[in-house]
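Open the model in a viewer and keep the selection panel at hand. The stops below go from a hairpin to a cavity.

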Amino acid sequence: MFAATAIDTSNKPAFYKELAVQLKALLEGEGDSVANAANTAALIYQMVPDLNWAGFYFLASEDELVLGPFQGKPACVRIAVGKGVCGKAIELDMSMLVKDVNEFPGHIACDADSRSELVVLLRDAEGAFGVLDLDSPLPGRFDKEDQAGIEKLAAIYVAACEFDDED
């Protein structure tokens, strides 16, 4: 059985490198995308400091993201592509690092306590199919090192999953 081990957070690149090792071990041998999303969200929420939400949104159509597995308070279920930080990330086809969500035009406040947000794309051979979304109650919580680390974790998640072509 997998058990997360504490990681020193004082060196972000080293922290995310070790977290990637733990995520690979956690997902090893499991191809189910929902189970892997649930465990990925749980591990990130447990290990990354100063989060109040960590989870997934998946494209249900070309126009809409739908909530997937997450950790934190109940969340918005549907987000239009182009709306909020998650929808804008899909529209622009890029990760989004928002230091203060109150200054982001069109931010969707699912949790009024969230002050900063990091959204990274989930990509397969056909392009982006969803996002991994992290929220923090601290303004300026995320930086480029966090973005790079979370992008690597998202890639580990995608690589571990066996996606059904009919989904």
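Through how many residues does a hairpin join E1 to E2? The link has 2 residues. Bear in mind throughout that this is a predicted model.

**Strands E1 and E2.** Select residues 64-72, which form strand E2, together with E1; the two pair in the antiparallel sense over 7 bridges. To see one of the pairings, pick Ala54 and then Gln71 in E2, its bridge partner.

**The annotated range.** Now select residues 53-155, which an unreviewed UniProt entry lists as "domain: GAF". Over this range the chain is 20% helix and 42% strand.

**The cavity.** The structure holds 1 cavity of 30 Å³ or more. About 160 Å³ of space lies in the largest cavity. To centre the view on it, select Ile108, Cys110, Glu117, Asp133 and Asp135, the closest to its centre of the 18 lining residues. Then colour strand E1 (53-61), helix H3 (84-92) and strand E6 (127-136), the elements that give two or more residues to this lining. H3 gives the most, with 3 residues. Finally, colour the lining by class: 9 residues are nonpolar, 3 polar and 6 charged.

Notes. Residues are numbered from 1 along each chain as its sequence is written. This is a predicted model: local features need pLDDT of at least 70, side-chain atom pairs count only at pLDDT 80 or more; totals for chains, interfaces and linings use all residues. Side-chain values use heavy atoms; hydrogens and water are left out. UniProt positions are given in the numbering used here, feature names are shortened, and annotations may be inferred rather than shown by experiment. Helices (H or I, at least four residues) and strands (E, at least two) are DSSP runs, numbered from the N terminus. On a 1 Å grid over the protein atoms alone, a cavity is a set of points where a 1.4 Å probe fits but cannot get out, and a pocket is an open set with protein on both sides within 12 Å along at least five of seven lines; lining residues have an atom within 4 Å of a point. Grid points are joined across faces, edges and corners, and a volume is the space filled by probe spheres set on the points. Ala, Val, Leu, Ile, Met, Phe, Trp, Tyr, Cys and Pro count as nonpolar, Asp, Glu, Lys and Arg as charged, and the others, Gly among them, as polar. Two strands pair if DSSP finds at least two bridges between them.
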